Amino acid sequence: MDSDLSPQDKKDLDKFIKFFALKTVQVIVQARLGEKICTRSSSSPTGSDWFNLAIKDIPEVTHEAKKALAGQLPGIGRSMCVEISLKTSEGDSMELETWCLEMNEKCDKDIKVSYTVYNRLSLLLKSLLAITRVTPAYKLSRKQGHDYVILYRIYFGEVQLTGLGEGFQTVRVGVVGTPVGTITLSCAYRTNLAFMSTRQFERTAPIMGIIIDHFVDRNPNKYLYQPISDVCMPSFFIYIPSLILLYCSRLSYQPPVLVGAADFCHPSTLNAANPHQMGIPGKEGGVPQQVPVQPCHAAQAEHARASSCLPNDHVPAVPSGSGEDAEASSRSTDGKSVSPRDVMETTFTRKVGAFVNKPGTQVTTASLDLPFAAFAPRAYDIEENDPMVQPPESPATSSPLQGSLHSQGSGESGVPAQDDFVMVDFKPAFSKDDLLPMDLGTFYREFQNPPQLASLTIDVSSQSMAEDLDSLPEKLAVYEKNIDEFDAFVDTLQ
Amino acid sequence: MNCRSEVLEVSVEGRQVDEAMLALVHTILLHRSTGKFHYKKEGTYSIGTVGTQDIDCDFIDFSFVRVSSDELDRVIRKAVGEFKDLCCALQDAMGNGTDGMGQISLEFYQKKKSRWPFSDECIPWEVWSIKVNVVNLANEQERQICREKVGEKLGEKVINIVEVINRHEYLPKMPTQSEVDNVFDTSLKDVQPYLYKITFQITDTLGTSVSTTMRRLIKDTLAL
């Protein structure tokens, strides 16, 4: 086959194939940058635009492509592949698509190299531009950011499609016949983009907490141009839209761990085996090593940085569970372990909130860490001691202040009126022990138990009853005398 | 020579007509445009560079690539806009809830010089017919679903277009300098598409053309 080609044609063809391969990589990688691409048309040929298309050359990408080619050209049995994968900030990755530039043995000997092959390769690049915007990875790449990034890997040799999962689809971009073989450009893309690890969801109920969104000015190019020589073979899938929920749940019980230059948290991804394990990128084709670590809050899904997310002795492993619930339950558990007697012993050291007049409601010093601990439900309260359930008898007092259901009498701390209650120093909230410290307290105590209305007392009522009966005729006489006045008043109301 | 004919069919909502047509027409024109030819002495020529531009659709979950040429884009938008206006006018005339159908044709042709007094002959060599079914949607939920579905369908159509293009069937030969205007549209400053024309036809759900429908409406009105 090659003997039919003139040396010039052979040289030209090799050059065309080489630059076509390089431009193919550029188009694919640039289409996954996450940005809209715009290049200008030029009526005057610049001489440097291969295939008459304005495709910029990103030096790092060209370098990677040349490194992968290593001086060889795509040929029969030697395919050039560009693998696009998604990698989260935690280091978990998933292959999205693989673009393959292959050559088969079917030759077109009659085709003109310098004209027809060149133009058809140009057409194929245009088709590649169109198709790269159609595959599912394009939308994902446009949304990449601090949750995940899109990475690429170029390799030469046999096509590897096992990482795309089951049911991957293939689309053929186009073919160009040449005297040495037929060039085929195709794409195999993953269709099953996710399933959630159900085990993780059973343990960790997603909590919509506060999202700490640290905006980091990053260059998306920087993520994409990381040479990926070691690819973490995915052993799990990631459900992209649910990452936000996981992000919140993680934040609720874990302090952010700063790794590298990043200053924000990333959602953890799921591992089917253990939600706290991440796969450390192993060697190419190797099995990733599972290491129990805290979710790595890394800014960039970089191999070097991902490997730094190793077990951190300073951050204890938190048992999986809903963050706030776990915290609350642990603290309530702490409360339960304290006996009421112990609680009473600590009474005088506790701070009582406003309007609290129930000395039986005790909290431990430990539970004081809870915000508004005084109002938190206390499991150790038993109904017998709950004055709301069984109000105490009003203590007899000479003070005009009648006891209410929650009365404690006046003044200072004293002996408990009943065994169930303990007199405490009443310190109203927000009152300071200076100037006139007890004014508010005195005021409150006095008017908390207002005197009984005179009209409601039995003596008074009985007395007024007799008087009313006696004065009734006189009142009736007065009303009859003024009846005209009353009638006029009624008329005005009508 | 037989003209190659390809038919694409899409169902879209009224406000998606513009973008859907632009996406498909521009995708076809991307493959049927070259850089500007600069002829040199001895019959050789050099070709300019074609730039590309990503376009995001507003009413469809879809992005496409077009040739970086504002002039070409203006011409296409004008034609697609007229097509959309006709579609909307038909829907308004027929009343709410009526689906409409239209067809926009992108025809690539060559001019064949004829002797005087005959005018030049236009010989089509490739015709793309895009049938558009304009649907009415009841609520926002349906619109959201339609937005995604139409995006997927357009993706399939782009793949179909690419598949046809890469069969490498007939293309006009590269012309000499004197005949370049018979093959390419040289009116644009930055790019040079093959000679093309855009035509469209609007039909109602019964398949009758707009003119027939309007005639019937006028007759019915006069009869009252």
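This passage walks through a predicted model of two protein chains, from the overall make-up of each chain to the contact between them and a few side chains up close. Because the model is predicted, local features need pLDDT of at least 70 and side-chain atom pairs count only at pLDDT 80 or more, while totals for chains, interfaces and linings use all residues. Residues are numbered from 1 along each chain as its sequence is written, chains are lettered from A and ligands numbered from 1 in the order in which they are written, and side-chain values use heavy atoms, with hydrogens and water left out.

Chain A goes first. Its secondary structure comes to 13 helices and 7 strands; here helices (H or I, at least four residues) and strands (E, at least two) are DSSP runs, numbered from the N terminus. Of its 494 residues, 43% count as buried. Buried means under 20% relative accessible area, exposed means over 50%, and partly exposed is what lies in between (1.4 Å probe, protein chains only). Chain A exposes about 26,700 Å², with carbon and sulfur atoms supplying 56% of that surface. Such accessible areas come from the Shrake-Rupley method with a 1.4 Å probe, and for residues only the protein chains shown count as cover. Among the contacts in chain A with a separation of 6 or more, 76% are between residues 24 or more positions apart, where contact means heavy atoms within 4.5 Å.

Chain B has 224 residues, and 50% of them are buried. Its tally is 5 helices and 10 strands. The accessible surface of chain B is about 11,300 Å², and 50% of it belongs to carbon and sulfur atoms. For contacts in chain B with a separation of 6 or more, residues 24 or more positions apart account for 71%.

Now for the place where the two chains meet. Chain A brings 35 residues to the contact and chain B brings 34. Together they bury about 2,900 Å², and carbon and sulfur atoms give 55% of this; buried area is the accessible area (1.4 Å probe) that two parts lose on being put together, summed over both. Between the chains there are 3 salt bridges, a salt bridge being a side-chain nitrogen of Lys or Arg within 4 Å of a carboxyl oxygen of Asp or Glu. One of these links Asp54(B) to Arg133(A), with the closest N and O atoms 2.7 Å apart.

On the side of chain A that touches chain B, helix H3 (113-131), helix H4 (136-142) and strand E4 (169-178) of chain A each supply at least two residues. H3(A) gives the largest share, 9 residues. Sorted by class, this side has 17 nonpolar, 9 polar and 9 charged residues. In that sorting, Ala, Val, Leu, Ile, Met, Phe, Trp, Tyr, Cys and Pro count as nonpolar, Asp, Glu, Lys and Arg as charged, and the others, Gly among them, as polar.

A search of the whole structure finds 22 of them over all chains. In chain A, Asp14(A) and Lys10(A) pair up at 2.8 Å, N to O. Both sit in helix H1 (residues 7-31) of chain A, 4 residues apart, or about one turn of the helix. Asp14(A) is partly exposed at 27% relative accessibility, and Lys10(A) is partly exposed at 25%.

In chain B, Arg143(B) bridges to Glu140(B) at 3.4 Å between the closest N and O atoms. These two are 3 residues apart in helix H3 (residues 140-165) of chain B, so about one helical turn separates them. Arg143(B) is partly exposed at 23%, whereas Glu140(B) is exposed at 51%. Finally, Arg4(B), Arg32(B), Glu126(B) and Glu169(B) are linked in a network of salt bridges.

Gln144(A) is buried, with a relative accessible area of 14%. Its side chain reaches the backbone oxygen of Ser141(A) at 3.1 Å and the backbone nitrogen of Ile150(A) at 3.0 Å.

Terms used:
Polar contact = N/O pair within 3.5 Å; in protein donor to acceptor, adjacent residues only side chain to side chain.
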